[in-house]
Each structure stands twice: as C-alpha cells, then as structure tokens.
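Hello,

Here is the structure you were going to look at. Please open it first, then read the notes below it.

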Amino acid sequence: MTFRNFDVESMPLPDIRLTPDDHARLCDLVGDLNAGGAAGLLQQELARAQVDADRRRTPTVGLNRWVHYTDSASSRTRRVKIVAPDQADIDQGLISPLSYVGSGLLGLAEGQSINWPDPSGRLHKLTPILIEDPEDLP
C-alpha cells in the first residue's frame with residue numbers, strides 16, 4: 001500500500017499479535033473493501049497480525065486496554081485507550097482504532113516500536129512502554 005510519499009509495505013514492521021476477539025471486531029469494523037488513510041493502514045495491520053488468545057505470555061496493545069506510549073514527535077508519554085469509534089473522546093484519552101495512532105499501536109508489545117505515518121505522511125516512532133490490563137483498573 002502506498003501512503004503519501006512512501007511505500008508502507010516496504011517498511012520494516014515489527015511482529016504484532018491480537019486476540020481472536022479483537023481481530024474479529026476490528027475486521028468487522030473496517031470490512032474487506034480497500035480503504036484509504038488510517039482505515040487502510042488498519043486493514044494492512046490486520047492482514048499481517050498473528051492471532052493469539054494468550055495475552056498473558058506477552059501483553060500487547062488491544063481494544064479497551066490502557067497503554068502508555070512515547071511518540072518520537074514529542075518528548076512526553078501519553079496514556080490512551082483504544083475504543084470503538086463511537087466511544088472515542090480524545091479529551092478523555094479514548095482513541096479510535098481508525099485513528100493513525102490507534103492503528104499504529106494495535107498489536108505491539110511493551111518496548112516494541114513502529115515507524116508510523118500521521119495524516120500528513122510524516123513518520124513517527126510509536127513505542128508502548130506500559131500496557132495496563134482492564135482488570136487492574138479501579
């Protein structure tokens with residue numbers, strides 16, 4: 001898939017893992033028609049993701065899990081939760097998997113990094129540094 005001025009398929013991408021439930025929900029969300037923008041990038045990620053039910057082995061970023069991550073474009077850490085698009089609220093840290101950051105973080109383990117575009121096509125290095133389990137939250 002070509003995105004702006006670079007070929008996403010030629011970029012080195014880290015292995016990603018999603019639970020069967022997350023994979024199915026995300027596939028239903030984006031469908032199988034060729035999409036553009038963040039939805040197209042999410043389709044690409046779903047096509048290459050390993051589907052694995054055992055998150056305890058190595059936790060990965062998934063739906064409804066809080067993740068602390070760094071972005072090479074800023075020096076600060078952000079905490080977000082990837083939720084269904086109709087629940088997204090950036091002021092509350094709730095982002096859609098159809099956002100550029102959301103689609104880039106999905107499936108990554110703590111410490112993994114991915115070079116991922118923003119809407120303008122500029123690459124950012126996204127790195128999850130802490131993935132919280134929903135059961136751990138008050």
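**Notes on the fold**

From the N terminus on, the elements run β-β-β-α-α-β-β-β-β-α-β-β. That makes three helices and nine strands in the chain. Helices (H or I, at least four residues) and strands (E, at least two) are DSSP runs, numbered from the N terminus.

This is a predicted model, in which local features need pLDDT of at least 70 and side-chain atom pairs count only at pLDDT 80 or more, while totals for chains, interfaces and linings use all residues. Residues are numbered from 1 along each chain as its sequence is written, and side-chain values use heavy atoms, with hydrogens and water left out.

Of the 138 residues of the chain, 46% count as buried. Buried means under 20% relative accessible area, exposed means over 50%, and partly exposed is in between (1.4 Å probe, protein chains only). Contact means heavy atoms within 4.5 Å. Among contacts between residues at least 6 apart in sequence, 58% join residues at least 24 apart.

**The sheet**

Five strands form an open sheet with mixed pairing, in the order β7-β6-β5-β9-β8. Two strands pair if DSSP finds at least two bridges between them. At the edges are β7 and β8, each of which pairs on one side only.

β5 and β6 form a hairpin with five residues between them; these two strands run antiparallel and are joined by five bridges. H68 shows both pairings: it stands opposite R79 in β6, and its bridge partner in β9 is L130. The link from β6 to β7 (residues 94-95) is parallel, with two bridges. There, I82 has I95 in β7 as its bridge partner.

**The core**

Which residues have the most contacts inside the largest nonpolar core? They are L26, I82 and L105, in a core of 24 residues. A nonpolar core is a set of buried Ala, Val, Leu, Ile, Met, Phe, Trp, Tyr and Cys residues joined through side-chain atoms within 4.5 Å. The elements that each supply at least two residues of this core are α1 (20-30), α2 (37-48), β5 (66-71), β6 (77-82), α3 (100-105), β8 (114-117) and β9 (123-131). The largest share, four residues, comes from α2.

Leaving aside neighbours within four places in sequence, I82 is in contact with V61, G62, L63, N64, R65, I95, S96, P97, G102, L105 and L106. One of these, N64, is found in the loop between β4 (50-51) and β5. N64 has a positive phi of about 60 degrees although it is not a glycine. At 27% relative accessibility, N64 counts as partly exposed.

**The helix pair**

Two packed helices are described by the angle between their axes and the distance between the axes. The axes of α1 and α2 come within 10 Å and cross at roughly 140 degrees. Axes are lines fitted to C-alpha atoms, for helices over the stretch in contact, and angles run from 0 to 180 degrees between N-to-C directions. In this contact, H23, L26, C27 and V30 in α1 meet A39, L42, Q43 and L46 in α2. These residues divide into six nonpolar, two polar and no charged. Ala, Val, Leu, Ile, Met, Phe, Trp, Tyr, Cys and Pro count as nonpolar, Asp, Glu, Lys and Arg as charged, and the others, Gly among them, as polar.

Regards
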